[in-house]
Amino acid sequence: MNVRNCRKCGRLYNYVSGQRICPVCREREEEDFQKVKEYVRKNPGVTVNKVAEDCEVEIGQIRQWLKEERLELTSESGMILSCETCGTPIASGRFCDKCRRDLTKGLSEAIHVAKPEPAEEPKKEKDGNKMRFLNQ
């Protein structure tokens, strides 16, 4: 069993995987996300600051949802998200399309690295595996 403290509220919980927050905080976070998503849907072109203020959600949390590609920026949002590799402005995620393709290509090439040739087995001499006794 892997017991940890929640990073948001400090409560002990059984950690399985994913974010290091307890199920209660995870549920609250999901409710906040749904509230933000609905607010943005009803108010297209709203700024990130206005969303954070009206929905009572931290800008850092909105930024996290953008990196997770759960939300996407528009040109009117007043916020700029940059590719973590080259700095190009992006609407969501962590990387621009070009850097994402480069990373994918690099990873697939690393997977398909030529397999090493099997090492040669030592040559066995005739009767090399038999037990021998010394004659006295």
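A pocket, on a 1 Å grid over the protein atoms alone, is an open set of points where a 1.4 Å probe fits, with protein on both sides within 12 Å along at least five of seven lines; its lining residues have an atom within 4 Å of a point. The views below come from a predicted model, where local features need pLDDT of at least 70, side-chain atom pairs count only at pLDDT 80 or more, and totals for linings use all residues. Residues are numbered from 1 along each chain as its sequence is written, and side-chain values use heavy atoms, with hydrogens and water left out.

**View 1. The largest pocket, with a volume of about 290 Å³.** Its lining holds 16 residues, and Lys-8, Glu-29, Asp-32, Glu-58 and Gln-61 lie nearest the centre. Helix H1 (23-42) and helix H3 (59-67) each give two or more residues to this lining.

**View 2. The second largest pocket, with about 200 Å³ of space.** Here you will find 15 lining residues, with Val-40, Val-46, Val-48, Glu-72 and Leu-73 nearest the centre. H1, helix H2 (48-55) and H3 each give two or more residues to the lining.

**View 3. The largest nonpolar core, with 20 residues.** Such a core is a set of buried (under 20% relative accessible area, 1.4 Å probe, protein chains only) Ala, Val, Leu, Ile, Met, Phe, Trp, Tyr and Cys residues joined through side-chain atoms within 4.5 Å. Val-36, Val-51, Ile-62, Trp-65, Leu-66 and Leu-71 touch the most other members. The largest share, 4 residues, comes from H2.

**View 4. A second, separate core of 6 residues.** Among its members are Tyr-15, Ile-21, Cys-22 and Cys-25.

Notes. Grid points are joined across faces, edges and corners, and a volume is the space filled by probe spheres set on the points. Buried means under 20% relative accessible area, exposed over 50%, partly exposed in between (1.4 Å probe, protein chains only).
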